[in-house]
Amino acid sequence: MQSQVVTTEHIIEVKGISKTYDGGVEAIKNIDLQIPRGELTTLLGPSGCGKTTLLKIIAGLLPPSGGEVLINNKPVHGPGPERAFVFQDFALLPWATVLRNVSFGLELRKMPKAQRHEIARKYISEVGLDGFENSYPHELSGGMRQRVGLARALTVDSDILLMDEPFASVDEQTRRKLQDDLLKLLQIEKKTVIFVTHSIEEAVYVSDKVVLLGPRPSSVMKIIDTGLDHIKSDGDIRRDKHYLDLVEDLWLILKQYLT
Amino acid sequence: MTIFGKKIPMFFALFIWMIVWEIIGRMELLFLIPPFTKVLTGMWELLGNGKFHAALGISFTSFLYGMGLAIVIGIPLGVLMGRIKLVDELAGMWVNVFVSAPLSAVIPALMVLLGFGQTTVIFTVMLFAVWIITIDTRAGVKNISPSLIEMSNSYGAGKWDLYSKVIFWAALPEILAGLRLGLIRGVRGVVVGQLLIAIVGLGELFELYSRNFLMDLFWALVVLIFMFAYVISEIVNHFEQKVEFYAGQR
């Protein structure tokens with residue numbers, strides 16, 4: 001099922017991507033970006049700057065107006081099995097149990113029921129939802145729902161995880177827990193992640209690389225390597241001088257675009 | 001229902017109205033209204049009456065065929081209108097005109113086209129029921145959160161899976177609401193169609209009883225049809241409640 005792995009340093013290459021919506025709104029303009037394999041890259045920018053648009057173009061959910069996206073050196077013409085998407089509003093099937101939701105990606109790939117349920121159970125456990133296999137989404141809290149969304153993205157065994165403001169619709173405490181759990185999970189599951197957020201703290205806290213996008217029509221303003229060891233410091237990053245400096249630096253840049 | 005601080009089951013209200021009906025009937029104010037007990041015996045008589053069975057059979061099959069057509073046309077049309085802008089623009093106006101138009105007016109034209117038989121009644125049922133099913137289905141499909149569609153696409157859903165595993169289920173609460181309203185309109189379609197044609201099914205019986213002033217049988221028939229409409233709408237309602245838990249959050 002998986003195409004043969006071409007090992008290049010950059011798993012995703014964004015070349016001159018622009019997007020103008022019907023009606024003339026220019027969301028992003030001439031974006032060039034290289035995403036290194038196995039790293040977590042955050043797209044950060046003022047709200048409405050087209051972060052999500054760029055992510056959806058990489059996902060193949062939106063066609064770009066110009067430019068192209070290469071994944072493993074192959075151009076993108078739509079969604080593919082090497083990319084899995086995690087949605088801001090979770091996008092769970094409300095009439096399906098956690099088990100079916102998590103295995104839905106595999107169901108669409110026509111995997112036999114027993115097999116896909118076995119895989120789904122493994123990831124349900126990995127995201128910490130043991131015992132909720134037969135619950136329905138409306139019986140879960142926001143944080144738990146996003147764990148379901150994350151488990152679903154993990155079952156399909158794709159190399160790339162595209163996360164669109166995944167923790168934006170949960171409360172602050174849950175968000176911190178989810179961030180930590182995501183970082184731990186990524187230690188087990190070697191993935192390349194593109195993470196969209198409008199939270200500076202979140203961006204610095206979770207990522208290896210922060211891509212700062214400017215206001216609409218947005219282009220890449222700055223790319224910062226955080227150089228933080230997310231796991232070793234085990235939550236102590238928030239006291240780290242380097243972390244605090246990065247957050248402040250990014251804020252000083254972003255501040256200019258706020259009116 | 002609470003009377004004098006006591007809780008009384010809802011069906012008690014029905015009982016009170018039956019008593020009122022009985023009293024008015026007994027007072028013989030209007031020969032049109034026989035006592036309710038007489039209507040009940042009329043009902044009993046009807047249920048053992050061969051003519052009634054035959055009429056019921058014809059009416060029920062017309063209803064089933066008409067509803068079947070309305071569902072087979074209405075749901076797919078509603079889904080297409082909800083998904084494809086061109087279809088919506090082409091059909092939208094007509095669907096909205098027909099859903100509120102007094103369709104009884106076109107039945108005479110149908111009679112000319114399709115004859116004075118069952119075909120006309122089937123078509124009348126379809127015509128009465130199909131529009132509301134279409135409109136509600138369309139609304140349901142329009143309501144689907146775009147991210148559910150994107151989710152399906154991003155995990156590689158084919159067209160068939162997208163419609164059968166996601167869109168249909170997401171729109172199901174509205175589809176069922178449309179179906180319930182459609183069934184009630186369909187019952188109206190059978191009765192109105194047969195009354196106008198007046199030589200088939202229950203319509204013929206209505207005509208026969210009212211012309212001969214057999215008011216107890218006439219009312220028995222009315223009550224039976226009302227009960228039928230109520231029961232089928234309750235059956236759909238039962239299924240609606242089963243999907244209600246997710247209707248609020250899609």
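Reader: Which residues is Gly82(B) in contact with, leaving aside its neighbours within four places in sequence?

Author: Gly82(B) is in contact with Thr137(B), Arg138(B), Val141(B) and Lys142(B). Contact means that the C-beta atoms of two residues, placed from the backbone, lie within 7 Å. This is a predicted model, in which local features need pLDDT of at least 70 and side-chain atom pairs count only at pLDDT 80 or more, while totals for chains, interfaces and linings use all residues. Residues are numbered from 1 along each chain as its sequence is written, and chains are lettered from A and ligands numbered from 1 in the order in which they are written.

Reader: How do you know whether Gly82(B) is buried or exposed?

Author: Within 10 Å of Gly82(B) there are 22 other C-beta atoms. A residue is buried with 20 or more, exposed with 12 or fewer, and partly exposed in between. Gly82(B) therefore counts as buried.

Reader: In which helix is the place of Gly82(B)?

Author: Gly82(B) is in helix H3 of chain B, residues 50-83. Helices (H or I, at least four residues) and strands (E, at least two) are DSSP runs, numbered from the N terminus.

Reader: What is called a nonpolar core?

Author: A set of buried Ala, Val, Leu, Ile, Met, Phe, Trp, Tyr and Cys residues joined through C-beta atoms within 7 Å is given that name. The largest one has 126 residues, and among those with the most contacts inside it are Ile58(A) and Leu221(B). H8(B) gives this core its largest share, 15 residues.

Reader: Why is this core said to lie between domain 1 and domain 2 of chain A?

Author: Domain 1 (1-82 + 160-259) and domain 2 (86-157) both give residues to the core, so it lies between them. The bounds come from an automatic or database domain assignment.

Reader: How many residues does each chain bring to the contact between chains A and B?

Author: Chain B brings 18 residues and chain A 17 residues. On the side of chain B, H7(B) gives the most, with six residues.
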